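Visitor: I am new to this structure. Please show me how to read it.

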Amino acid sequence: MCALPAFASTASAKAGSASRARFRLLETGGLLRFGFPVHAEFDAPGHGGRFRLTRGGKPVPAQFRPLDRPGRSDAVALDFTTSVGPLGQEDYEVEFGPSVEPGPEPKTGLVLEREGSLVRVGKRSGLHWEFPSDLTSWLTRSADGKRIYADGSASELRLETTDGKRAKVGSTGRDGLVVDREGPLAIRLVQTSTISVAGGPEFRSRVVLDFVSSKSWIEVTWEVEDPRGELRRQEASLRLLLDGKPNLVDFGASSWVYEQLKADETTRFVAGPEGRKPRWAIEQSGKDGRRRAFAISVSEDTREVEGWAHVADATRCTAIAVDDFAAHAEDSLELGGSGEVVISREYPTGPKRSKTTDASRRLLRFWIHVVPTPVQVGALTSPQAILAPPKLVWGSPVG
């Protein structure tokens, strides 16, 4: 997310005049985008609730929503989609103010519904996601009308302290799940809470759930304040539905690694920051629980660890992508043949802790992208594209 730039009127100083904010969108991943979601936030003084996004003078369908930000009464969220080409760029202009004719916004798309403690986000006749409002389970069901991808209550966000004590989001004091923005193109839900570890410390937690209409994924961002260095690990678990005949697994290490996974097997992809030996490894285990090496990075391999996985059966595929995988901590993706998924981030302790990025603020961000099998047909967006979204630069000239 970019900072919130403020833009004054470029037309005149008279009340009611239109203001303009310009930005340039850059594709830096070398990939063609297909209706890829773009999100930005900016300050729009005196917007009057009227906005229009244009490119080359032509209106672009977009969603604008005022935001509740401390000390920023004119903060606004912008959401739209792009199909920019590899290494391409696009220039846009936002017009806002009481005199602006509002631009187009899709009439259909995402819908947020509540029924008691159950929250449902998705399209009325398409993919939807369900979970309880206290996030004791961050995902209990994901289905698109034809296929069910996840169904159960095994999804949790857990933490572990440096002395081995454990707790999870939603199990202690909660501030509630609030709507940060809502519309047909994008919905964001935020839960802040205090996680109290029995016989241990308290942690301030913030969970952000992002949904977009153009892609069949949920983006989860979990931030934990750790000023005293008492947090050792963050974990996210999930249970997928798989037919196990067998299941197919791909991993994005420094190269593509694939295997098959039977119902009674588990595979684990683990990697760490530069200097870890080996930099990454993939291990398998069967009924006896004993791990054996399946693939290991070679010492001469200096490529980045991508940090994603596919798990697929005959009809459905789930892509899991983890932001900053193995960049500052030891990260792992564990997949079970019966559908179990565990995403884990273990932080360095002692002297190594101070060398990590913002050691008092721990962050785990990941995406769960569900599509029909085969993934090459069902998905128009690869994990590599998810992990390298287009960059937005404010103030670039138009034209």
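The talk below goes from the whole chain to its charged pairs.

Guide: Keep in mind that this is a predicted model.

Visitor: How many helices and strands are in the chain?

Guide: The chain holds two helices and 30 strands.

Visitor: What radius of gyration does the chain have, and what would a compact globule have?

Guide: The chain has 22 Å. A compact globule of 399 residues would have a value near 21 Å, so the two agree. As for extent, the C-alpha atoms fill a box of roughly 75 × 50 × 50 Å along the principal axes.

Visitor: What share of the residues is buried?

Guide: Buried residues are 52% of the 399 in the chain. The chain exposes about 18000 Å², and carbon and sulfur atoms supply 50% of that area.

Visitor: Which share of the contacts joins residues at least 24 apart?

Guide: Take contacts between residues at least 6 apart in sequence: 63% of them join residues at least 24 apart.

Visitor: Now the charges. Where do the positive and negative ones lie on average?

Guide: There are 54 positive and 53 negative charges, and their mean positions are 2 Å apart.

Visitor: How many salt bridges does a search of the whole structure find?

Guide: First, the general idea. Side chains of opposite charge can pair when their charged atoms come close. Here the search finds 41 salt bridges.

Visitor: What does Arg20 pair with?

Guide: Arg20 forms a salt bridge with Glu93, with the closest N and O atoms 3.8 Å apart. Arg20 lies in strand 1 and Glu93 in strand 7, so the pair ties together parts 73 residues apart in sequence.

Visitor: Is Glu93 buried or exposed?

Guide: Glu93 has 12% relative accessibility, so it counts as buried. Arg20, at 25%, counts as partly exposed.

Visitor: Which residue does Glu219 bridge to?

Guide: Its partner is Arg365, and the closest N and O atoms are 3.5 Å apart. This pair links distant parts of the chain: Glu219 is in strand 18, Arg365 in strand 29, 146 residues apart. Glu219 is buried at 17% relative accessibility, while Arg365 is partly exposed at 23%.

Visitor: Where does Arg276 lie, and where Glu330?

Guide: These two form a salt bridge, Arg276 with Glu330, at 3.1 Å between the closest N and O atoms. Arg276 sits in the loop between strand 22 and strand 23, and Glu330 in strand 27, so the pair ties together parts 54 residues apart in sequence. Arg276 is partly exposed at 25%, and Glu330 is partly exposed at 30%.

Visitor: Which residues are linked in a network of salt bridges?

Guide: Among them are Glu156, Arg158, Glu160, Arg232 and Glu346.

Terms used: Residues numbered from 1 in each chain as written. Predicted model: local features only at pLDDT ≥ 70, side-chain atom pairs only at ≥ 80, totals over all residues. Heavy atoms only, no water. Salt bridge = Lys/Arg side-chain N within 4 Å of Asp/Glu carboxyl O. Helix = DSSP H or I, 4+ residues; strand = E, 2+ residues; numbered from the N terminus. Buried < 20%, exposed > 50% of the residue type's maximum accessible area, 1.4 Å probe, protein only. Rg over C-alpha atoms; globule rule 2.2 N^0.38 Å. Contact = heavy atoms within 4.5 Å. Areas by Shrake-Rupley, 256 points an atom, 1.4 Å probe, with all protein chains shown as cover. Lys, Arg positive; Asp, Glu negative; His and termini not counted. Charge placed at Lys NZ, Arg CZ, Asp CG, Glu CD.
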